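Subject: Structure handover

Hi,

Here is the structure for you to look over. My notes on what turned up follow below.

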Amino acid sequence: MNDNLIKCSQISVDCVANDPVDIRCGGPEYLGFDFNVREEQTEEMKKFIALTLESLEVPLKNLCVSGTIDLHEKDIWTKEKIVKAIKADTEYLQAEAKRNYSAYFKK
């Protein structure tokens, strides 16, 4: 069942601190994105994601490769798909950043 699978890097992007109540209910510590990109494009895509976030004024706390996975072509993120996903969440993430939940973590 290993037909035409492509080795991909899993890029985790943490943008803004999540609501502490949501975290206590099992939500993630940070809101952001997870993108699976072709392994050979990892560094290029990390730079592209960071620049895209900066140009759209979306905060970036952390960006790292969290692992690898083998995927079909249709499940791999392209630059076009990444921009579309970030644009779709821009206003929400900017609004969440203004709530300054990160202050809760500094105790």
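A polar contact here is a pair of N or O atoms within 3.5 Å; within protein, one must be able to donate a hydrogen and the other to accept it. N18 has such a contact: its side chain reaches the backbone oxygen of P28 at 2.8 Å. The side chain of N18 also makes a polar contact with the side chain of D22, at 2.6 Å. N18 sits in the loop between β1 (6–17) and α1. Its relative accessible area is 3%, so N18 is buried.

Confidence next. The model is predicted. The protein chain has an average pLDDT of 92, and 93% of the residues score at least 70. Helix α2 (residues 42–55) has the highest confidence, at 98. Helix α1 (residues 20–24) has the lowest, at a mean of 92.

Now the aromatics. There are two aromatic pairs in the structure. The ring centres of F33 and F35 lie 5.4 Å apart with planes at 10°, so this pair is stacked. F33 and F35 are both buried. F35 and W77 form an edge-to-face pair, because their planes stand at 70° with ring centres 4.8 Å apart. That pair links distant parts of the chain, 42 residues apart. F35 is in strand β2 (residues 30–38), and W77 is in the loop between β3 (62–71) and α3 (79–98).

W77 has 25%, so W77 counts as partly exposed. Through these ring pairs, F33, F35 and W77 form a cluster.

Best wishes

Methods: Residues numbered from 1 in each chain as written. Predicted model: local features only at pLDDT ≥ 70, side-chain atom pairs only at ≥ 80, totals over all residues. Heavy atoms only, no water. pLDDT = per-residue confidence, 0-100. Helix = DSSP H or I, 4+ residues; strand = E, 2+ residues; numbered from the N terminus. Buried < 20%, exposed > 50% of the residue type's maximum accessible area, 1.4 Å probe, protein only. Phe/Tyr/Trp six-rings, centres within 6.5 Å; stacked < 30°, edge-to-face > 60°.
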